[in-house]
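Subject: A structure for you to look at

Hi there,

Here is the structure I promised to send over. Have a look at it first, and then read my notes below.

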Amino acid sequence: MEEVLLEWAKAIHKENPVVDAHLDLAVEVYARRCAGERDVVKRRYLKHFWEAGLNVCVSSVFVSTRDLPERGLHVALAQIAALREDLESVRDEICVVTNRWELEKALEEGRIGILLSLEGLDPIGTDFYLLRTFYDLGVRGAGLTWSRPNAFGRGCCKAGEMREISGGLTELGREAVSKMEELGMYVDVSHLNNDGFEDVAACAKKPFAASHSNAWEVHENYRNLRDDQIKALALRGGVIGVNACGTIAGASPKNQKGALTCLCRHVEHLVSVGGEDHVGFGFDLCNGLSAAMQRLGFPAEEDDLLPHHGEMQQLSAALLGRGMREDTLVKVIGGNFLRYFRTMLL
């Protein structure tokens with residue numbers, strides 16, 4: 001039975017759009033290229049992307065706390081440059097897309113489209129002109145904060161912590177939402193605290209996303225969304241990407257069957273509360289990045305519930321085995337985020 005479900009899932013992935021709305025790709029590529037590696041995407045990711053049938057992937061641009069504030073802008077710009085240079089060796093298979101036309105062209109040509117998103121506005125400091133600079137470099141989404149305070153808001157706690165942080169967006173944060181919408185960038189609320197989420201819901205005029213968040217009712221973690229937040233985001237036309245980080249999902253990567261069951265429960269809860277048109281994947285797979293950053297003195301972490309993107313079909317097979325309809329699964333694996341990006345890109 002499991003083999004039949006897996007073959008069914010593979011066929012669905014082959015015939016329909018597949019999207020991962022959050023991967024720290026530019027961050028890892030930059031770290032590895034600084035260490036002397038080349039062709040990082042080609043050697044470490046492309047095979048698994050094709051195994052998954054991946055069509056669109058959102059690459060974050062993220063600056064670690066140790067690089068702030070002095071080197072924040074430098075590192076963010078360098079990550080974008082490093083990713084673009086690394087993709088030159090696979091430009092016939094994968095490319096950065098910045099508008100609807102480029103997205104549709106990539107889909108038509110069978111190339112994987114990479115969207116860029118800032119994971120926190122820390123690199124711009126307080127200067128909105130720099131937000132325009134990042135837009136001109138191809139960045140089309142951004143979260144106001146990561147799990148730390150900045151000039152725009154407080155952010156939630158880190159994934160491994162369990163404490164509520166109060167304080168919503170600053171006045172500058174509310175202005176940033178308007179500026180992003182004016183430029184044509186989507187707002188990502190995945191790292192905002194509860195007060196910040198309420199502020200975005202109150203001031204945003206366009207649909208906003210939670211690119212890599214799960215359901216609080218399935219696992220209580222402040223990186224996850226409460227039912228009222230799920231409903232609010234869905235009512236605004238946004239999409240929530242299920243996160244495959246074990247700490248956030250509430251499972252261990254050492255128990256693969258339990259990990260898949262846990263991810264299924266998050267998907268099913270989000271669908272039941274927000275509707276089948278507002279759930280997708282934003283796996284936040286970080287094992288590769290963690291290994292790369294270990295060279296720079298960061299602690300090693302292996303918390304991914306999926307070993308790599310090629311295992312996406314295992315999750316799809318598990319969802320089918322638990323009774324999810326094929327038309328719903330088609331939306332979850334990529335249809336919903338693709339619709340969202342088509343709506344938000346100019």
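This is a predicted model: local features need pLDDT of at least 70, side-chain atom pairs count only at pLDDT 80 or more; totals for chains, interfaces and linings use all residues.

Residues are numbered from 1 along each chain as its sequence is written, and side-chain values use heavy atoms, leaving out hydrogens and water.

Let's start with the helices (DSSP runs of H or I, at least four residues, numbered from the N terminus). Helix α2 covers residues 25–34 and helix α13 covers residues 287–294; their axes lie 9 Å apart, at an angle of about 30°. The axes are lines fitted to C-alpha atoms over the stretch in contact, with angles from 0 to 180 degrees between N-to-C directions. The two helices are therefore roughly parallel, a label for angles under 35 degrees.

Which residues of α2 meet α13? They are Val-27, Glu-28, Ala-31 and Arg-32, and their partners in α13 are Gly-288, Leu-289, Ala-291, Ala-292 and Met-293 (contact means heavy atoms within 4.5 Å).

Now the cysteines. The whole structure has 0 disulfides (pairs of cysteine sulfur atoms within 2.5 Å). For Cys-203, the closest cysteine sulfur is in Cys-156, 17 Å away and too far for a bond. For Cys-264, the closest is in Cys-262, at 9.2 Å, again too far. Cys-264 is buried, with a relative accessible area of 0% (buried means under 20%, with a 1.4 Å probe and protein chains only).

Enjoy exploring!

Technical notes. Angles under 35 degrees count as roughly parallel, over 145 as roughly antiparallel, 65 to 115 as roughly perpendicular and the rest as oblique. Buried means under 20% relative accessible area, exposed over 50%, partly exposed in between (1.4 Å probe, protein chains only).
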